[in-house]
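Here is a short report on a protein and DNA model.

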There are 2 protein chains.
Amino acid sequence: MSEQLGKHIAQQISIFETDLPKILAYFSLATFDKKAYLLQENQSCKYLYFVNKGCLRLFFCDDKGIEQTIQFAIEGWWMTDLTAFHGEKLAEFSIQAIEATQVMVIDKINLEELLKEFPQIERYFNKIYQRAYAASLLRVKHIFSFSKEAFYQLFSTKYPQFIQRIPQKILTSFLGFTPEYLSELRKKNMKK
Amino acid sequence: MSEQLGKHIAQQISIFETDLPKILAYFSLATFDKKAYLLQENQSCKYLYFVNKGCLRLFFCDDKGIEQTIQFAIEGWWMTDLTAFHGEKLAEFSIQAIEATQVMVIDKINLEELLKEFPQIERYFNKIYQRAYAASLLRVKHIFSFSKEAFYQLFSTKYPQFIQRIPQKILTSFLGFTPEYLSELRKKNMKK
DNA sequence: ATACTAACTTAAACCAGCTTAAGTTTTTTT
DNA sequence: AAAAAAACTTAAGCTGGTTTAAGTTAGTAT
């Protein structure tokens, strides 16, 4: 069950099978209930998470007190508040489990040790961050190129499982509009 | 003049002074006129650029034919279409010089060689990508938390030099609204 | 089972920001 | 220096999406 991370690493970079257990030893396993917080805004961010099973979201509260979801992490994705994790600032995002979620956890000190013992892992994280960066740019592209309606259509045809899995309020906070407008869109769609 | 990249690397990671020239040898120097294209949508993306002097932008054309600017790169920033550079797809963004711009250029093969000879550089790029990723997330946060007016206010107080440096049309394509609306905002501001 | 709370829907009034179209100013080209 | 093109401004009308507020349905706890 917790071998997912090992597999993921072996997929991305070439590494000795025998090193994997040593690498995984730097991590610990943790589970969180649905709605549990892994990190809260304005706290210090001590951990980096890899999702084995379940789903996390990264979000913040805007000045009107409305939660805005920036990213999701499902199986095989990493999540943290990067800037805060590197100790520069307090977290400006919160991380919450949307479902009961099992994660691999590492803190900054263990990460440093891991990278010292296995510098090849640097390359693995490089790929992870490049992928995350590219995904975030694509997100900005989508925000600019699609109307909210079109963005919803795109998202719901591309990730239909996701739509089932996530409460509507969280979904709209990710898509960037109000639950009321989503209702309107859904009604409109059913007519077709 | 072209020592900027060396300095930048030495700032981010610990490295022998004597290795720097060997590292820089993998790059070549190039200059582009104002408005020149370094990359165009739907081409293959062969190079990764580091800006010594000047300013680049990454953008795409939306379905109405309007250019949308996703990112700028000034002195000390890297730029490419990441996904395309790694050879997976054709470019979905274009890169253009906003001013006469001097860059350090490297192609994929030389980058691989460089990383083979100096694996420490992997750590340098790790920092670069983490920073770029964090910046992109922050951008999404800003899009969600500010009205267009507030975003313009923020941007123009935080980067006043930038406002001078960039033509209004490109600025609005970055801020995500129309030149007409920018005029309106400026008029409104002058009254105060 | 019953009550309480959270998630979702509906509809009307409203507004931030867009579109269009014409005018002005600046820059580039010849 | 003149002409053409590009960059910016102004103003009116319009629309995608929000706000508000009330009603419905589903989930959860007692």
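Ala, Val, Leu, Ile, Met, Phe, Trp, Tyr, Cys and Pro count as nonpolar, Asp, Glu, Lys and Arg as charged, and the others, Gly among them, as polar. By these classes, the surface near DNA strand C has five nonpolar, four polar and eight charged residues.

The model is predicted: local features need pLDDT of at least 70, side-chain atom pairs count only at pLDDT 80 or more, and totals for chains, interfaces and linings use all residues. Residues are numbered from 1 along each chain as its sequence is written, while chains are lettered from A and ligands numbered from 1 in the order in which they are written.

**DNA surfaces**

Helices (H or I, at least four residues) and strands (E, at least two) are DSSP runs, numbered from the N terminus.

| DNA strand | Residues around it | Nearest residues | Largest share |
|---|---|---|---|
| C | 17 residues | A:Gln168, B:Ser147, B:Lys148, B:Phe177, B:Tyr181 | H9(A), seven residues |
| D | 17 residues | A:Lys148, A:Phe177, A:Tyr181, B:Gln168, B:Ser183 | H9(B), seven residues |

The surface near DNA strand D divides into five nonpolar, four polar and eight charged residues.

**Sheet in chain A**

Four strands of chain A form an open sheet in the order S2-S7-S4-S5, with antiparallel pairing. Two strands pair if DSSP finds at least two bridges between them. S2 (37-39) and S5 (67-74) of chain A are the edge strands, each pairing on one side only. Neighbouring strands are turned by 30° against each other on average, direction ignored. Axes are lines fitted to C-alpha atoms, for helices over the stretch in contact, and angles run from 0 to 180 degrees between N-to-C directions.

Four bridges join S4 (residues 55-61) to S7 (residues 94-97) in chain A. A:Leu58 stands opposite A:Ile95 in S7(A). Helix H8 (residues 168-175) of chain A packs on the sheet, touching S4 and S5 of chain A, and makes about 100° with S5(A) in direction. Helix H5 (residues 121-145) of chain B lies across S4 and S5 of chain A, at about 145° to S5(A).

**Chain contact**

Two residues are in contact if their C-beta atoms, placed from the backbone, lie within 7 Å. On this basis, 26 residues of chain B are in contact with 26 residues of chain A. H5(B) supplies the largest share of the side of chain B that touches chain A, 17 residues. That side has 13 nonpolar, seven polar and six charged residues.

Conventions
Near = placed C-beta within 6 Å.
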